[in-house]
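User: Hey, can you walk me through this one? I'd like to go over the side-chain contacts and anything pocket-like.

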Amino acid sequence: MLEEFKKFALRGNVVDLAVGVIIGAAFGAIVNSLVQDVIMPIIGAVTGGLDFSNYYIPLSSKVQAGMPYSEAKKVGAVIGYGQFLTLAVNFTIIAFVLFMAIRAMNVLKSREEAKPKPEAEVPAEVKLLAEIRDLLATRKA
């Protein structure tokens, strides 16, 4: 069983998947930082510091109006639609950034495929055989 597991774990697809997950997690952290630290502050400045994350609907009488969302959740039941809107905007921005990155990679890949490939040098033996073939073809005619 140990030998079978070793074959499975060291198979190329599993290793490729592991590398992809690790790189994906690192790329996700970079994109998340881009959204949280660069894009969202710009959106906040454009909208006058509007922060949706503290918008909620209280479902409990214990929750007082004007409480921060994190405190309101501790006191009673609330529907945090502002937090949902914030995460939806973050997702949209992250999806757009990923789309642009993948699109750029596809453009680079298509350019690489469009480049003409250099002709392979024909070996001397093949050239010689082609000449012999051509000479024999002319002798028969």
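This is a predicted model: local features need pLDDT of at least 70, side-chain atom pairs count only at pLDDT 80 or more; totals for chains, interfaces and linings use all residues.

User: How exposed are Asp 134 and Arg 133?

Analyst: Asp 134 has 41% relative accessibility, so it counts as partly exposed. Arg 133 is at 53%, so that one counts as exposed; the cut-off for exposed is over 50%.

User: How many salt bridges turn up in the whole structure?

Analyst: The search finds 3. Among them is one between the side chains of Glu 71 and Lys 74, with 3.8 Å from N to O.

User: Where do Glu 71 and Lys 74 lie?

Analyst: Both are in helix H3, which covers residues 69-75. They sit 3 residues apart, about one turn of the helix.

User: What about Glu 121 and Lys 127?

Analyst: Their side chains also meet in a salt bridge, 3.5 Å from N to O. Glu 121 is exposed, at 64% relative accessibility, while Lys 127 is partly exposed with a relative accessible area of 40%.

User: Which residues line the largest pocket?

Analyst: The lining is made of Gln 36, Met 40, Ile 43, Gly 44, Thr 47, Leu 50, Asp 51, Phe 52, Thr 86, Val 89 and Asn 90. By type, that splits into 5 nonpolar, 5 polar and 1 charged.

User: Which helices supply at least two residues of that lining?

Analyst: Helix H2 (12-46) and helix H4 (81-114) each do. H2 gives the largest share, with 4 residues.

User: Now aromatics. How many aromatic pairs does the structure hold?

Analyst: There are 2 aromatic pairs. One of them is Tyr 55 with Tyr 81: the ring centres are 6.2 Å apart and the planes make an angle of 50°, so the pair is tilted.

User: Which parts of the chain does that pair link?

Analyst: Distant ones: Tyr 55 is in the loop between H2 and strand S1 (57-58), Tyr 81 is in helix H4, and the two are 26 residues apart. Tyr 55 counts as partly exposed because its relative accessibility is 32%. Tyr 81 is partly exposed too, at a relative accessible area of 37%.

User: And what is the geometry of the Tyr 56 and Tyr 69 pair?

Analyst: Tyr 56 and Tyr 69 form a tilted pair, 6.0 Å centre to centre with 40° between the planes. This pair links distant parts of the chain as well, with Tyr 56 in the loop between H2 and S1 and Tyr 69 in helix H3, 13 residues apart.

User: Are Tyr 56 and Tyr 69 buried or exposed?

Analyst: Tyr 56 is buried, and Tyr 69 is buried too.

User: Let's zoom out. How many helices and strands are in the chain?

Analyst: The chain has 5 helices and 2 strands. Read from the N terminus, the order is α-α-β-α-β-α-α.

User: Why is the chain more spread out than a compact globule?

Analyst: Look at the radius of gyration: it is 31 Å, well over the 14 Å that the globule rule gives for 141 residues, so the chain is more spread out than a compact globule. Along the principal axes, the C-alpha trace spans about 105 × 55 × 25 Å.

User: What percentage of the residues count as buried?

Analyst: Of the 141 residues in the chain, 11% count as buried. Tyr 56 and Tyr 69 are both buried residues.

Notes. Residues are numbered from 1 along each chain as its sequence is written. Side-chain values use heavy atoms; hydrogens and water are left out. A salt bridge is a side-chain nitrogen of Lys or Arg within 4 Å of a carboxyl oxygen of Asp or Glu. Buried means under 20% relative accessible area, exposed over 50%, partly exposed in between (1.4 Å probe, protein chains only). On a 1 Å grid over the protein atoms alone, a cavity is a set of points where a 1.4 Å probe fits but cannot get out, and a pocket is an open set with protein on both sides within 12 Å along at least five of seven lines; lining residues have an atom within 4 Å of a point. Ala, Val, Leu, Ile, Met, Phe, Trp, Tyr, Cys and Pro count as nonpolar, Asp, Glu, Lys and Arg as charged, and the others, Gly among them, as polar. Rings of Phe, Tyr and Trp (its six-membered ring) pair if their centres lie within 6.5 Å; planes under 30 degrees apart count as stacked, over 60 as edge-to-face and the rest as tilted. The radius of gyration is taken over C-alpha atoms; the globule rule is 2.2 Å times the number of residues to the power 0.38.
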